[in-house]
Amino acid sequence: MLDLTFFEILGLLFVLQLILRMAWGLWRHPVAVKRVEGFYEKYNDQMTQVDTHKGRLMMLDHKGDGEQGVGLLFVHGSCARMGQFEGQIEYFVNKGYHVVAYDAIGCGRSDKPVCMDGSTYHPKRFVDDARLVLNTAFGENEKVVVIGHSFGCYVAMQTASSDPERVIGTVYIGGSAVWLDNVKSATKIFRLPNAILWYIRPLLGLGFASMALAPGSCKNLRKQEAEASSRNPVHMFSAFWRNIHHVTHPDHHPVIPEHASLLISGRHDKITPVTKAEQLAELLHDDSEHVVIEDASHQSMQEQPEAVCSHIEDYINRILQ
């Protein structure tokens, strides 16, 4: 066994960090960086900022032609960004829908405030911000369908139940009844000191991509999501995951909307497996539909955008009849 002093161990850790960072820099692909940034450049004219409790969030507000009868609000998942819905945003913008999406505080191009007690990244704050976006972007009499992904499904459900007159539909992509899970046990690694999380951050990004994407997903998409994940500040994602257990408290359990919903799962999802999604499906309104997309995992809206768009459009047509 090596007989190392404390300072020699620190030195070895520092060298290991340099190696990890250099490997990550070499692995990063220009195409991945361009795809992450390209979304914001594409919709730059429709971007605006919204003041929240702890900073400004970036919001896309594409007004559409007003003839579709319903607006769409996209809510991304934990530590993610609205650009993950690019395929759906482009599709429904081209169809003339009023489309709204946003980067939650701490994510994408929104502010990323440091908060010593982590309260900025409490689940309730994300729900409050979604309601703020809903009230800011849509008119009082405008009907809305809220589309959430992963943790965004929880936010979408809370938002919908708070305004049942305006929100007439909800779509849950990669969703589960997260408030019934043992999330505290599943997120133990994020209780490590931030300094250690900073060291292993490249590995966390690669780990997320391997769990969130199906084995056959294109390499550029894998690199894109690893690139985007690596941009999340440590203070944000550690605070979020340390707070996620609050959703299990009865005070934060969502009210199930009293309308038919659409639940979309990826067959190879390792984050919210189909069996977990089925638990959520049992809680939804009786007229709700659960579809499983083959050759897709947690990021089905990116892996199979055409299929996801088709299911969402069919659902919208059904609830508008």
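Q: Where does D295 lie?
A: This is a predicted model, and in it D295 lies in the loop between β8 (289-293) and α12 (300-303).

Q: Is D295 buried or exposed?
A: D295 counts as exposed, at 54% relative accessibility.

Q: And what is phi of D295 near?
A: Phi of D295 is near 55°. That's a positive value in a residue other than glycine.

Q: What about S150, what's phi there?
A: For S150, phi is near 55°, again a positive value in a non-glycine residue. S150 lies in the loop between β5 (144-149) and α5 (151-162).

Q: Buried or exposed, that S150?
A: S150 counts as buried, with 18% relative accessibility. The cut-off for buried is under 20%.

Q: Switching to H252. Which loop is H252 in?
A: H252 is in the loop between α10 (234-243) and β7 (262-266). H252 has a relative accessible area of 19%, so it is buried.

Q: Which residues is H252 in contact with, leaving aside its neighbours in sequence?
A: Skipping neighbours within four places in sequence, H252 is in contact with H122, K124, Y154, Q158, H246 and V247.

Q: How many residues apart in sequence are K124 and H252?
A: K124 and H252 are 128 residues apart in sequence, while their C-alpha atoms are 7.6 Å apart in space.

Q: Which helix is K124 found in?
A: K124 is found in helix α4, residues 123-137. Its relative accessible area is 44%, so K124 is partly exposed.

Q: What share of the contacts join residues at least 24 apart?
A: Taking contacts between residues at least 6 apart in sequence, 79% join residues at least 24 apart.

Q: Now the aromatics. How many aromatic pairs are there?
A: The count comes to 13 aromatic pairs. One of them is F39 with Y43, a tilted pair at 5.3 Å centre to centre, with 55° between the planes. F39 and Y43 are buried.

Q: And why is the pair of F240 and W241 edge-to-face?
A: Their planes are at 85°, so the pair is edge-to-face, and the ring centres are 4.9 Å apart. The cut-off for edge-to-face is over 60 degrees.

Q: Which residues do ring pairs link into a cluster?
A: Ring pairs link F126, F151, Y154, W179, F190, F237, F240 and W241 into a cluster. Y154 in that cluster is also one of the residues in contact with H252.

Q: Zooming out, how many helices and strands are there?
A: The protein has 13 helices and 8 strands. Its radius of gyration is 20 Å, close to the 20 Å that the globule rule gives for 321 residues, so the protein is as compact as a globular protein of that length.

Q: What box do the C-alpha atoms fill?
A: Along the principal axes, the C-alpha atoms fill a box of roughly 75 × 40 × 40 Å.

Q: What percentage of the residues is buried, and how much accessible surface is there?
A: Buried residues make up 50% of the 321 residues. The accessible surface comes to about 15,100 Å², and 55% of it belongs to carbon and sulfur atoms.

Q: Last one: how many positive and negative side chains?
A: There are 30 positive and 37 negative side chains, and the centres of the two sets lie 8 Å apart.

Key: Residues are numbered from 1 along each chain as its sequence is written. This is a predicted model: local features need pLDDT of at least 70, side-chain atom pairs count only at pLDDT 80 or more; totals for chains, interfaces and linings use all residues. Side-chain values use heavy atoms; hydrogens and water are left out. Helices (H or I, at least four residues) and strands (E, at least two) are DSSP runs, numbered from the N terminus. The radius of gyration is taken over C-alpha atoms; the globule rule is 2.2 Å times the number of residues to the power 0.38. Buried means under 20% relative accessible area, exposed over 50%, partly exposed in between (1.4 Å probe, protein chains only). Contact means heavy atoms within 4.5 Å. Accessible areas come from the Shrake-Rupley method with a 1.4 Å probe; for residues, only the protein chains shown count as cover. Lys and Arg count as positive and Asp and Glu as negative; His and the chain ends are not counted. The place of a charge is taken as NZ of Lys, CZ of Arg, CG of Asp or CD of Glu. Rings of Phe, Tyr and Trp (its six-membered ring) pair if their centres lie within 6.5 Å; planes under 30 degrees apart count as stacked, over 60 as edge-to-face and the rest as tilted.
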